[in-house]
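Subject: Structure handover

Hello,

I am passing on the structure we discussed. Please look at it first; my notes on what was found follow below.

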Amino acid sequence: MRRLLALFVACGAFAWLALQYPPQIPAPKPDLRSPRTGIGEIRAYQTPKLRAAMAEADLHLGAPTYIRIFKEEKILELWLQSEAGPYELFRTYPICNHSGALGPKLKEGDRQSPEGFYRVDKAALNPNSSYHLSFNLGFPNAYDRAKGRTGSYLMVHGDCVSVGCYAMTDPMIEEIYVTVESALNAGQSFVPVHAFPFRPTEARMARAAGHPWESYWQNLAPAYHSFASNHQPPAISMQDGRYVATP
């Protein structure tokens with residue numbers, strides 16, 4: 001009888017604990033992989049979805065496109081030009097993975113994701129990528145080469161793995177890739193991709209004071225502020241070893 005009573009008490013205590021501290025159910029893993037294979041299947045699936053979503057925002061697939069990357073926030077912004085002229089934010093995507101710390105890529109093998117101003121043209125698109133889909137950022141650009149920086153195959157791609165690239169999930173790179181491809185096919189000569197370490201607000205730049213890359217980040221900031229003022233991607237050139245952003 002005592003054993004039964006002890007067992008009853010123990011079970012009651014266990015039940016009380018279970019109510020107070022319910023078991024934690026692990027969150028479902030994000031959908032990183034796409035079941036779609038082949039660019040034809042991807043286009044057929046994504047194109048009507050993108051057209052419908054863009055129409056709701058008074059935008060259209062094939063419009064001039066602009067991409068901004070913010071490394072610290074781990075986000076990629078996809079902007080499209082509206083019929084009225086200014087670019088409008090279509091979608092913001094979380095970057096699944098990038099590598100390295102804040103600061104530019106310096107040399108091949110440093111596993112650092114680049115910061116700076118890059119261009120994606122038709123030749124940069126790779127629908128047969130080992131990482132689902134990809135497009136090459138064009139690193140090193142003229143500025144990088146002038147600084148002696150080296151590296152190759154710096155991409156935005158799928159598969160959520162990075163040794164210097166900006167990696168997205170497969171479903172996300174499908175949307176981004178099809179949007180970029182459509183803009184290029186519609187006549188845009190290149191899609192600008194501006195990769196910033198962070199949003200160079202006054203407060204954030206103050207926090208960067210004394211950082212080894214403070215001067216470089218100050219050189220990137222005018223392009224950010226130019227776009228903020230008129231929602232038109234600035235033209236980027238190089239003068240006296242520095243980037244120049246012209247509205």
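A cavity, as the word is used here, is a set of grid points where a 1.4 Å probe fits but cannot get out. The volume given for it is the space filled by probe spheres set on those points. With that in hand, the largest cavity comes to about 30 Å³. Please keep in mind that this is a predicted model.

The cavity

Searching the whole structure for cavities of 30 Å³ or more gives one. Its lining consists of F117, N219, L220, P222, A223, I236, Y243, V244 and A245. Two elements, α6 (214-230) and β11 (242-246), each give two or more residues to this lining. The largest share is that of α6, with four residues. By class, eight of the lining residues are nonpolar and one is polar, with no charged residues.

The largest pocket

Pockets, unlike cavities, are open. The largest pocket holds about 370 Å³ of space. It has 19 lining residues, and those nearest its centre are F117, Y118, R119, I236 and S237. Four elements contribute two or more residues each: β4 (116-120), α3 (142-146), β9 (191-196) and β10 (235-239). Of the elements, β10 supplies the largest share, four residues. The lining divides into 13 nonpolar, four polar and two charged residues.

About 300 Å³ of space lies in the second largest pocket. Here too 19 residues form the lining, and Y131, Y153, H157, V163 and C165 are the closest to the centre. The classes in this lining are seven nonpolar, nine polar and three charged.

The chain as a whole

The chain has six helices and eleven strands. It is 247 residues long, and 45% of them count as buried. Among contacts with a separation of 6 or more, 59% are between residues 24 or more positions apart. The accessible surface of the chain is about 13,200 Å², and carbon and sulfur atoms account for 57% of that.

Regards

Notes. Residues numbered from 1 in each chain as written. Predicted model: local features only at pLDDT ≥ 70, side-chain atom pairs only at ≥ 80, totals over all residues. Heavy atoms only, no water. 1 Å grid on protein atoms, 1.4 Å probe; cavity = no way out; pocket = protein on both sides within 12 Å on 5 of 7 lines; lining within 4 Å. Nonpolar A, V, L, I, M, F, W, Y, C, P; charged D, E, K, R; others polar. Buried < 20%, exposed > 50% of the residue type's maximum accessible area, 1.4 Å probe, protein only. Contact = heavy atoms within 4.5 Å. Areas by Shrake-Rupley, 256 points an atom, 1.4 Å probe, with all protein chains shown as cover.
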